[in-house]
Amino acid sequence: MLAASVEKALHDLADPKRAVLLARFFKTGPGGYGAGDQFLGLTLPQQRQVARQFRELPLAEVEKLLASPWHEHRQTGLIIWTLQFAKAGPSGRQAIHEAYLRHRHRVNSWNLVDITCPLLVGTYLLDKDRAVLLELAAEPHLWSQRMSLVSTLAFIRKGQFQDTFAVAELLLSHPHDLIQTATGWMLREVGNRNEEALEEFLADHHGQLPRTALRYAIEQLPPARRQWHMRK
């Protein structure tokens, strides 16, 4: 299997009209977070179908997809890695995890980050040292920072919240809404499992959490508590 075969399969499904809409949605114009990205106009289910067809694509060929200027090439390559990771043994998972981090600057949109890092980073680190998350959070790179937050979803699902809190504390003052929404999202996921843990974090950081992050974080709290937090 070759990356070129995957690219052909994706181009055969291209929808130019939808591509224009996607380019606007992902803010590909000058100054946007997706500036310069190019779209073929495929849906996520279409890409998943192609990824299943090429799920045995060698790691080096997936890396070629990540080097592409086309968004759907990169996304399909990343989906292939998630399929392979789910079936791989320890050495295979390590190889995919390391390749993913090595090419993290090509995981350069919120949707690419969100559908991959909880598995390829978070799940991989469940039984390992998690210091890499703090390193990612400290990088001056928007997508590495979002990755550091969203990867902790794997820990939250296991009832482990300290890594989420540690990363969130590092990024509390971040000015970008894509980091603020990710912070609030992860805190909300904590609250969905342990409301007391969320309330303790919010109490410790009153006045520090941007309103966007706060709105996301308290979304599932009882109405009276939401109103109280917003007034504070």
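Glu199 counts as buried at 16% relative accessibility, where buried means under 20% relative accessible area, exposed over 50%, and partly exposed in between (1.4 Å probe, protein chains only). This is a predicted model, in which local features need pLDDT of at least 70 and side-chain atom pairs count only at pLDDT 80 or more, while totals for chains, interfaces and linings use all residues. Residues are numbered from 1 along each chain as its sequence is written, and side-chain values use heavy atoms, with hydrogens and water left out.

Glu199 forms a salt bridge with Arg225, the closest N and O atoms being 2.9 Å apart; a salt bridge here is a side-chain nitrogen of Lys or Arg within 4 Å of a carboxyl oxygen of Asp or Glu. The pair links distant parts of the chain, with Glu199 in helix α14 (residues 195-204) and Arg225 in helix α16 (residues 223-231), 26 residues apart; helices (H or I, at least four residues) and strands (E, at least two) are DSSP runs, numbered from the N terminus. Arg225 is partly exposed, with a relative accessible area of 28%, and also lies over the face of Trp228, at 4.6 Å from the ring centre, a placement that requires NZ of Lys or CZ of Arg within 6 Å of the ring centre and within 35 degrees of the ring normal.

## Other salt bridges

A search of the whole structure finds eleven salt bridges. Among them, the side chains of Glu139 and Arg104 meet at 2.5 Å, N to O. Glu139 lies in the loop between α9 (131-138) and α10, and Arg104 in the loop between α6 (90-102) and α7 (110-114), so the pair ties together parts that are 35 residues apart in sequence. Glu139 is buried, with a relative accessible area of 17%.

Asp114 forms a salt bridge with Arg146, with 2.7 Å between the closest N and O atoms. Because Asp114 lies in helix α7 and Arg146 in helix α10, this pair ties together parts that are 32 residues apart in sequence; both Asp114 and Arg146 are buried.

## The two domains

The protein chain is divided into domain 1 (1-124) and domain 2 (129-231), with bounds that come from an automatic or database domain assignment. The contact (heavy atoms within 4.5 Å) takes 16 residues from domain 1 and 18 residues from domain 2. Across the interface of domain 1 and domain 2 the rule finds two salt bridges.
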